[in-house]
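Here is a short report on one protein chain.

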Amino acid sequence: MEGCCDLEVDVNGEEVFMVHKKILMSFSSLFSKLFGDLKGTVRNLKVIFNEFPGGAKGFELMAMFCYDNGRTMITPSNIFLLNCAAHFLEMDGNGSSRHSLIDQTEKSLKGINFWTWSELLEALKQCQDLLPGTKSSVMLQCILDCLIGRIALPSIASPHTCSSDSSSFQFSCDTSIDSLKSSSSQLTWWFEDLLFLNVDLIDNLIKTMVSLKVNHATIYKFLFYYHKSRCIGAATAEKCKITEVVINLISLLDRSSLSCKGLFEIYRVALGLRISKFYRNNLESLMGSQLDQATIDYLLAPSPHRRAYYYDVNLVLRLVQAFLLEGGSLSFTSRLKKVTNLLDSYLVEVAPDSHLKPSKFTALVLLLPDYARASYDRVYQAMDLFLEVHAGLCEEEKRSVCCALNHEKLSEEALKDLSRNSKFPSQTVQKALTTQQSMIKCSLSDTHHLLTFCDSLFCSNTKENLGKEDSETKKLRADLQGMHWKMMGLEKVCGAMQTEMANIMRSRLSILGNARSLPKLCS
């Protein structure tokens with residue numbers, strides 16, 4: 001099918017011209033304007049039409065209509081071409097609706113609900129060939145509405161050759177094509193059939209689907225399928241345009257209908273293209289909104305070109321910030337917990353990167369509010385790895401890396417390890433020892449209160465049941481005795497810790513005092 005192209009019409013001889021003139025002028029207002037004022041002898045006449053719809057084929061169909069006294073066979077395969085040609089030549093019948101090709105094509109369109117699926121696709125292909133990229137028309141919109149109506153119907157799996165009555169939507173289906181795809185999914189059977197659409201028509205189609213309340217999850221699956229299929233073998237410029245249009249259309253959909261995996265796949269394609277910053281930011285916002293669905297593999301994107309560090313840390317910073325902007329929903333707390341676990345795993349993965357700057361590592365740790373973490377053990381593990389690789393950091397830089405560590409949310413084992421970890425700054429180690437001591441004192445206090453309560457209970461029980469001590473009482477007395485010994489042991493441990501903490505501080509101060517004359521080298 002030819003699109004709109006230039007057309008030359010030669011009329012040779014006066015008699016021939018007079019015949020053509022009379023016939024064409026009776027159906028076309030444009031021809032009446034062109035030939036109405038011509039006077040005198042006309043031997044050779046050339047008429048040039050710029051961008052005539054369908055080229056020679058379109059003119060031939062129009063001429064057949066004129067020479068058959070305003071009659072022609074209008075079918076789904078030629079209705080759009082006839083309509084475009086009729087509008088181009090202003091074929092309004094000069095006031096006669098019976099001779100108006102425009103009226104006849106629009107009247108035929110009223111039977112669109114009886115067209116088969118294949119006929120709808122054929123008409124849509126013709127629209128795509130004849131209309132400029134961004135231009136729409138009433139007829140195109142009517143075809144799209146009918147097409148979407150077939151897609152949205154839940155009662156059939158694939159109406160490839162179905163026709164429907166506009167009032168009852170009862171279908172009578174042929175078996176030629178429908179039987180071939182009857183096993184297709186009820187939601188995705190039409191995906192393959194619409195891959196021929198260009199991005200401009202896809203933009204029109206999807207926006208119409210959204211306005212008609214078609215299921216957003218289905219629309220998203222189609223857009224992902226379309227993007228993946230059309231990008232194969234496409235030129236870079238075409239890939240870029242397809243990607244930008246798809247991103248823009250996905251942003252119109254409800255966030256709950258999106259798939260995190262699909263968004264990251266589109267992002268990987270976009271990384272190799274020069275899409276505008278606007279669309280890239282839009283896609284990252286969508287990815288961030290679904291971050292609770294992601295796995296650690298999604299986040300381990302390579303760093304941009306000419307960057308020394310291994311992974312794109314800045315991307316993760318932007319994604320988490322985008323996720324936090326989604327706060328406020330009822331499910332946000334549970335989703336935040338998933339993102340926290342994901343980010344802590346990411347910290348452990350990127351910490352051994354010797355090219356990762358302390359400021360970036362600290363920014364990752366501080367991304368989430370303190371209440372988001374129930375435990376800081378994974379953060380401590382990541383800090384331990386980071387300080388091991390970045391052994392050349394000065395004390396001040398180490399303190400800035402460790403400033404976000406919440407000692408109160410470290411396990412007993414992690415605190416014990418930290419209190420003996422020489423890689424951490426002395427201030428952090430001292431705080432770990434202090435926290436341990438505080439926990440032991442709290443434990444001692446709780447034990448003392450329990451023992452006091454039990455003693456008073458025993459005294460009361462002894463006065464009331466003197467001489468009636470049974471086996472249960474003996475067992476309880478033995479347990480109390482054990483608790484007394486345990487409390488004494490804890491007191492010894494606490495004293496030993498205080499001594500150890502004092503020795504460590506004296507040792508560190510001595511080292512720092514001896515090194516005062518040496519310059520500090522900060523990496």
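Buried means under 20% relative accessible area, exposed means over 50%, and partly exposed lies in between (1.4 Å probe, protein chains only). This is a predicted model: local features need pLDDT of at least 70, side-chain atom pairs count only at pLDDT 80 or more, and totals for chains, interfaces and linings use all residues. Residues are numbered from 1 along each chain as its sequence is written, and side-chain values use heavy atoms, with hydrogens and water left out.

**Overall make-up**

The protein chain has 21 helices and 4 strands. Helices (H or I, at least four residues) and strands (E, at least two) are DSSP runs, numbered from the N terminus. Of the 523 residues in the protein chain, 44% are buried. Contact means heavy atoms within 4.5 Å. Among contacts in the protein chain with a separation of 6 or more, 72% come from residues 24 or more positions apart.

**Helices**

Helix α6 covers residues 117-130. The expected span of a helix is 1.5 Å times one less than its number of residues. For the 14 residues of α6 that gives 20 Å, and the end C-alpha atoms are 20 Å apart, which agrees. Buried residues in α6 include Trp117, Leu120, Leu121, Ala123 and Leu124. Gln126, Cys127, Gln128 and Leu130 in α6 are buried too.

Helix α9 (residues 216-231) packs with helix α10 (residues 236-250): their axes come within 10 Å and cross at roughly 175°. That makes α9 roughly antiparallel to α10. Axes are lines fitted to C-alpha atoms, for helices over the stretch in contact, and angles run from 0 to 180 degrees between N-to-C directions. Angles under 35 degrees count as roughly parallel, over 145 as roughly antiparallel, 65 to 115 as roughly perpendicular and the rest as oblique. From α9, Tyr220, Leu223, Tyr226, His227, Arg230 and Cys231 take part in the contact. They meet Glu238, Lys239, Ile242, Thr243, Val246, Leu249 and Ile250 of α10.

**Salt bridges**

A salt bridge is a side-chain nitrogen of Lys or Arg within 4 Å of a carboxyl oxygen of Asp or Glu. The whole structure holds 11 salt bridges. The table gives some of them.

| Pair | N to O distance |
|---|---|
| Glu90 and Lys33 | 3.0 Å |
| Arg318 and Glu284 | 2.7 Å |
| Asp292 and Arg335 | 3.0 Å |

Glu90 and Lys33 form a salt bridge. Glu90 lies in the loop between α4 (79-88) and α5 (101-108) and Lys33 in helix α2 (residues 29-35), so the pair ties together parts 57 residues apart in sequence. Glu90 is partly exposed at 27% relative accessible area. Lys33 counts as exposed at 56%.

Arg318 bridges to Glu284. Arg318 sits in helix α14 (residues 313-324) and Glu284 in helix α12 (residues 277-289), 34 residues apart. Arg318 is partly exposed, at 33%. Glu284 is buried, because its relative accessibility is 4%.

Asp292 pairs with Arg335. Asp292 is in the loop between α12 and α13 (296-299), Arg335 in helix α15 (residues 332-350), 43 residues apart. Asp292 and Arg335 are both buried.

**Tyr311**

Tyr311 is in the loop between α13 and α14. Its relative accessible area is 25%, so Tyr311 is partly exposed. The C-alpha atoms of Tyr311 and Leu356 are separated by 9.0 Å, although the residues are 45 apart along the chain. Beyond neighbours within four places in sequence, Tyr311 is in contact with Leu300, Ala301, Pro302, Ser303, Tyr346, Glu349, Val350 and Asp353.
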